[in-house]
Amino acid sequence: MAKKSVATLQTGSKRLTKAIKMVKSPKTGAYTFVEGIMAPEMVNDFLNKK
């Protein structure tokens, strides 16, 4: 993983976080972006997952 980004979103009474990580493809070696919108507590699990 070469780069990671986290942004905080607020919608109504819920607090959500959008996390983006760059993942290198084992097949081609190209990088792709994986995005997810989740609760702030789940961000570290998302970024540490391979």
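The briefing below starts with the overall fold and then turns to individual residues.

This is a predicted model, in which local features need pLDDT of at least 70 and side-chain atom pairs count only at pLDDT 80 or more, while totals for chains, interfaces and linings use all residues. Residues are numbered from 1 along each chain as its sequence is written, and side-chain values use heavy atoms, with hydrogens and water left out. The chain has one helix and three strands, where helices (H or I, at least four residues) and strands (E, at least two) are DSSP runs numbered from the N terminus. Read from the N terminus, the order of these elements is β-β-β-α.

**Overall composition**

- Of the 50 residues in the chain, 18% are buried, where buried means under 20% relative accessible area, exposed means over 50% and partly exposed lies in between, with a 1.4 Å probe and protein chains only.
- Among the contacts (heavy atoms within 4.5 Å) between residues at least 6 apart in sequence, 22% join residues at least 24 apart.
- The structure holds zero aromatic pairs, a pair being rings of Phe, Tyr and Trp (its six-membered ring) whose centres lie within 6.5 Å, with planes under 30 degrees apart counted as stacked, over 60 as edge-to-face and the rest as tilted.

- A search of the whole structure finds one salt bridge, defined as a side-chain nitrogen of Lys or Arg within 4 Å of a carboxyl oxygen of Asp or Glu.
- This salt bridge joins the side chains of Glu-35 and Lys-18, at 3.4 Å from N to O.
- The pair links distant parts of the chain, with Glu-35 in strand 3 and Lys-18 in strand 2, 17 residues apart.
- Glu-35 counts as exposed because its relative accessibility is 51%, whereas Lys-18 counts as partly exposed because its value is 29%.
- The side chains of Lys-18 and Glu-35 also make a polar contact at 3.4 Å, a term for a pair of N or O atoms within 3.5 Å in which, within protein, one must be able to donate a hydrogen and the other to accept it, and for which residues adjacent in sequence count only if both atoms are side-chain atoms.

**Lys-21, a buried lysine**

- Lys-21 lies in strand 2, which spans residues 14–24.
- Lys-21 is buried yet has no salt bridge, and the nearest side chain of opposite charge, Asp-45, is 11 Å away; for such charges, Lys and Arg count as positive and Asp and Glu as negative, while His and the chain ends are not counted.
- A polar atom of the Lys-21 side chain lies 2.8 Å from the backbone oxygen of Phe-46, and the backbone oxygen of Lys-49 lies 2.7 Å from a polar atom of this Lys-21 side chain.
- The charged end of Lys-21 sits over the ring of Phe-46, 4.8 Å from its centre, which under the criterion used requires NZ of Lys or CZ of Arg within 6 Å of the ring centre and within 35 degrees of the ring normal.

**Val-34 and its surroundings**

- Val-34 is found in strand 3, residues 31–38, and counts as partly exposed because its relative accessibility is 32%.
- Leaving aside residues up to four places away in sequence, Val-34 touches Ala-19, Ile-20, Lys-21, Val-23 and Phe-46.
- Val-34 and Val-23 are 11 residues apart in sequence, and their C-alpha atoms are 7.1 Å apart in space.

**Other residues of strand 2**

- Ala-19 belongs to strand 2 and counts as buried because its relative accessible area is 0%; from C-alpha to C-alpha, Ala-19 and Glu-35 are 5.8 Å apart, although 16 residues separate them in sequence.
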